[in-house]
Amino acid sequence: MMGLTSPHLPWAPLLILLPLIGGMVCFVWPRTAKIIGLCSVFSVALLVAGLAWQILENGVYRHAVGGWRAPLGIDLYADGLTLLMLVATSMVGLGVSVYAAAYFQGEHSNRFWPLWLFLLAALNALFLSADIFNLYVTLELTGLAAVALAALTGGRDALSGAMRYLLAALLGSLAYLLGVALLYHGFGSVDIATLAARIEPTPVVWAALGLMSAGLLLKTALFPLHFWLPPAHASAPPPVSALLSALVVKASFYILLRLWLEFFAPLAGDKVGDLLGLLGAMAILWGSIQALRQTRLKLLIAYSTVAQLGYLFLAYPLTLATGVKAWNAVVYLALAHALAKAAMFLAAGNLLRFGGHDRIADLDRVVQRLPLTAAAFALAGVSIMGLPPSGGFVGKWLLLEVALVQGRWDLAAVMILGGLLAAAYIFKVLGHTFTQAAVTHEPRAVPFSMEWSAFLLALSAVLLGFMASPVLTLLGIGEPFGASEIGL
Amino acid sequence: MNWNAWIPLLVVASSLLPGLFIFALAEDRVRLRTTLNLAAALVKLALVGWMLWGVYQGQHYETRLALLPELELVLRAGPLALFFVTLSAVLWLLTTVYAIGYLEGSLNRSRFFGFFSLCVTATVGVALAGNLITFLLFYELLTLSTYPLIVHRGTEVARRAGQSYLIYTFCGGALLLLGTVWLYTLTGTLEFTPRGFLSGLDEEYHSVLIIIFVLLIAGLGVKAALVPLHGWLPQAMVAPAPVSALLHAVAVVKVGAFGIVRVVYEVFGVEFAASLGVTKPLALLAAITIIYGSLRALFQDDLKRRLAFSTVSQVSYIVLGVAIAGPVATIGGVVHLVHQGLMKITLFFCAGNLAETLGIHKVSEMNGVGRRMPWTMAAFTVGAFGMMGAPPIAGFISKWHLGLGALEVGQGWVVLVLAGSSLLNAAYFLPILHAAWFRQPPNAWPQEHAYGRQETAWALLLPPVVTALLALAAGLFALLPFSPLEWANLIARREFYPL
């Protein structure tokens with residue numbers, strides 16, 4: 001069995017190639033789309049397990065595609081952070097795929113699978129990339145696949161939402177590309193490690209970093225650049241909304257995090273970190289309040305994403321003394337949010353299908369009759385609110401701890417307040433689970449697999465609350481956040 | 001293999017797993033559900049009995065599971081934990097019997113019993129929690145699992161009561177979380193320790209510790225219904241009677257009071273808390289709550305609301321006993337944890353019987369009800385006299401120790417509070433008893449159900465009679481081993497004031 005963990009086995013390249021080929025097959029032979037799609041996603045999950053095993057045995061994975069090393073060739077790189085992002089992608093991907101297999105039929109199914117597999121390939125490639133140009137390419141591919149998915153079912157709302165999304169995505173990656181060009185011009189390399197060694201604070205570098213950050217923040221939908229997110233995420237079909245909210249926004253966040261760790265932070269210093277933290281705090285409050293005001297379920301969930309993304313930025317001003325812990329918290333929050341938010345959108349999709357609408361005030365006509373879906377929504381809600389035991393709680397606990405150690409009362413207060421607001425908007429929905437209203441229409445049955453995939457995703461978000469030690473150990477491989485101080 | 005490391009976990013699981021299974025049961029599987037409920041309650045009781053015997057002989061039962069880096073999920077069956085666990089296990093069994101009778105033929109019973117089991121799981125978890133984060137975990141689980149029980153009826157009133165409950169308890173939970181994390185950043189440990197783990201901290205932290213104390217007590221005070229954080233409790237009365245009974249006797253309110261005991265004795269340590277000067281204000285707050293709750297109870301015509309305000313008042317006896325900070329008063333406060341539970345659950349069972357059998361919801365409708373339902377009202381009478389503190393019922397023992405303990409540490413004003421409260425208790429309970437036993441019954445009851453020759457269904461009658469007898473026995477046999485009082489002595493000897 002030692003052979004399986006050999007450092008030379010090509011798990012990582014396969015993670016990109018397999019869904020890519022799968023997507024093409026789906027595209028050429030639409031009749032096989034569903035089965036090929038499911039097989040590909042399932043295989044990707046196995047490949048991630050293989051990669052995880054490899055990394056656990058041998059440490060950080062580095063692979064030069066075609067034998068060419070940086071700066072000429074393309075490097076694939078995988079440490080603990082990469083691995084966790086891949087795991088989250090494949091878990092959410094599995095859940096959404098099982099759901100989508102029942103949700104999409106006929107023409108929609110034929111269009112969904114190739115796009116989703118392209119998106120999966122692009123996401124995997126993005127997480128495995130080690131140079132800023134490749135990151136650009138994969139980011140662009142991710143964005144395009146995502147926009148196409150958002151527009152999948154047509155319809156006026158979906159198209160206008162997707163159009164806004166397209167403009168934001170293109171603008172974002174364009175800004176990023178400009179920044180990459182400036183850096184390449186200045187330092188003759190796009191490899192992150194090489195750049196980190198050569199970079200110095202000149203006006204050109206400032207411009208480049210500014211452009212790249214702005215582009216990535218736009219794509220991550222950080223307040224006040226979130227304007228495109230709610231319409232796009234709310235109007236897409238539920239499985240697509242789940243992918244967009246759970247994974248796609250995390251992709252640009254991941255790039256920003258990597259760049260920040262490698263060379264933004266030393267150059268940018270406190271001021272920029274404080275600004276990001278401030279924007280994050282405002283995102284939490286604004287997003288939560290907006291979510292609370294919504295009358296439609298999917299818009300509520302979309303605004304909740306805006307709020308939850310804010311938490312990810314609270315770590316930036318906190319990383320000076322206790323860097324590792326703050327970043328651990330952020331990654332944990334991102335994982336928990338990915339699982340919980342996907343579950344939430346899928347559950348909303350079930351309610352939508354069952355009742356034919358997503359008006360929150362009228363939900364009592366549907367929620368009681370789909371207890372498993374209601375349970376999925378509730379469990380996902382527990383993690384989003386950050387109540388124990390859940391992945392969201394672990395992340396919040398760690399972040400709160402760091403904030404208090406550094407005396408950042410403002411940030412701690414925002415976290416607590418954000419949790420309370422989240423409870424308010426989640427129970428705005430759940431309150432209707434227990435009211436008694438007569439069923440006034442003929443409901444549409446929800447397939448077994450759609451209810452269970454939502455429920456299992458939500459359950460895994462809660463169970464993540466018991467996995468802190470193994471997950472954080474995994475995350476520590478390759479020390480993505482620098483040397484860890486005593487006690488993690 | 002060391003079984004002692006698993007028994008606390010088993011005690012928690014013995015209601016968790018059946019609860020999860022019950023959720024999945026179809027509505028009409030009545031027999032299976034009933035069997036499962038009762039079997040689980042009996043298994044829990046047996047496990048608790050086993051641990052009681054073991055702890056009495058000096059065994060240790062402790063489960064440790066990894067939760068966060070450096071923080072573990074700890075379930076430890078110390079004397080204090082077992083005191084509360086035993087109360088929960090016994091009353092869970094009786095309340096389950098009662099609920100089966102009460103809810104016969106109503107809707108959504110699988111959901112009800114599922115959350116009911118989760119609620120007990122959370123209570124037992126809180127009791128067994130060996131550190132503050134485990135406590136927090138189960139504390140929040142309790143909030144979540146009680147909410148569906150409060151809104152069970154699904155009416156608009158129920159929804160609003162649930163909403164107000166959530167607003168109060170989530171805010172309380174947030175304060176508790178903040179206090180806990182803050183404490184952790186100062187000490188690096190959250191383990192409940194006899195005499196507390198904070199006295200070693202430098203003088204410069206003392207002002208911070210006072211703030212943390214306020215945060216923790218405010219967070220717990222919401223559930224313990226300390227004035228002015230009690231607003232949710234009277235509203236929560238819309239819940240079905242077995243839920244109110246459990247809420248007031250064991251689950252929510254008691255958990256808050258129990259948490260305060262833990263924080264004062266095993267986080268701060270009572271001597272240290274006294275030296276910080278935080279116990280005096282707490283005692284004052286408890287005294288205000290005692291008087292205020294009684295005064296409000298006086299003016300309620302709705303029977304369950306009157307009992308609810310009475311709970312507000314009675315639970316603060318526990319807090320008062322803790323805050324007086326002397327050994328005897330502590331015993332009085334801690335023993336009231338069980339005594340109040342037995343008496344209050346009796347009263348709520350009886351109130352439920354009156355509502356279910358005769359449709360009586362108001363005190364003014366209770367004329368002559370003693371003749372129609374003698375057993376129920378006899379149990380009610382025992383509970384009511386116990387609340388007033390009449391010997392030989394359990395409540396007397398609590399008040400006696402509280403008063404004695406207060407005098408011991410030279411706080412005579414507490415005796416005045418106790419006397420005043422007893423008078424007020426008499427003022428709102430005696431008219432009920434008088435009306436029930438000595439007034440003429442009306443020609444027709446508001447909404448009568450016939451139950452053959454008995455006054456009401458067996459499942460409804462048995463639990464209050466048993467709890468009333470237990471309350472009586474706890475007072476009569478207070479000096480025998482394994483009586484609540486003797487066990488409270490044991491707690492004081494081993495946990496609070498170890499040599």
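**View 1. The lining of the second largest pocket divides into 19 nonpolar, three polar and no charged residues.** (Nonpolar covers Ala, Val, Leu, Ile, Met, Phe, Trp, Tyr, Cys and Pro; charged covers Asp, Glu, Lys and Arg; the others, Gly among them, are polar.) This predicted model needs pLDDT of at least 70 for local features and 80 or more for side-chain atom pairs, while totals for chains, interfaces and linings use all residues. Residues are numbered from 1 along each chain, chains are lettered from A and ligands numbered from 1 as written, and side-chain values use heavy atoms, without hydrogens or water. This pocket (an open set of points on a 1 Å grid, with protein on both sides within 12 Å along at least five of seven lines) has a volume, the space filled by probe spheres set on the points, of about 480 Å³. Of its 22 lining residues (an atom within 4 Å of a point), B:Thr86, B:Val90, B:Val338, B:Phe482 and B:Pro484 are the closest to the centre. Two or more residues each come from helix 2 (30-56), helix 3 (79-102), helix 14 (327-358), helix 19 (458-476) and helix 20 (484-496) of chain B. Helix 3 gives the most, with six residues.

**View 2. The largest pocket is lined by residues of chain A and chain B.** Its volume is about 1700 Å³. Among its 49 lining residues, those closest to the centre are A:Leu379, B:Leu20, B:Phe23, B:Phe115 and B:Leu118. Elements that each supply at least two residues include helix 15 (409-430) of chain A and helix 4 (109-128) of chain B. (Helices are DSSP runs of H or I, at least four residues.) The lining holds 40 nonpolar, six polar and three charged residues.

**View 3. Helix 13 of chain A supplies the largest share of that lining, eight residues.** Its buried residues (under 20% relative accessible area, 1.4 Å probe, protein chains only) include A:Phe377, A:Val382, A:Ile384 and A:Met385. Just after the helix, look for A:Gly386, which takes a positive phi of about 80°.

**View 4. Here is the largest cavity, with about 140 Å³ of space.** (A cavity is a set of grid points where a 1.4 Å probe fits but cannot get out.) Of its 15 lining residues, A:Met385, A:Leu387, A:Lys396, B:Glu140 and B:Ala174 are the closest to its centre. Helix 14 (391-405) and helix 15 of chain A, together with helix 6 (156-187) of chain B, each give at least two residues. The lining consists of 10 nonpolar, three polar and two charged residues.

**View 5. The second largest cavity has a volume of about 90 Å³.** Among the residues that line this cavity are A:Tyr165, A:Lys219 and A:Trp228. Helix 10 of chain A gives the most, four residues. By class, the lining has seven nonpolar, three polar and one charged.

**View 6. A:Ser304 sits in helix 11 (residues 297-313) of chain A.** It counts as buried because its relative accessibility is 0%. Beyond residues up to four places away in sequence, A:Ser304 touches (heavy atoms within 4.5 Å) A:Ala291, A:Lys341, A:Ile384 and A:Tyr425.

View 7. A:Val41 is buried, with a relative accessible area of 2%. Leaving out residues up to four places away in sequence, its contacts are A:Gly93, A:Leu94, A:Ser97, A:Trp116, A:Leu117 and A:Leu120.

Definitions and conventions
Buried means under 20% relative accessible area, exposed over 50%, partly exposed in between (1.4 Å probe, protein chains only).
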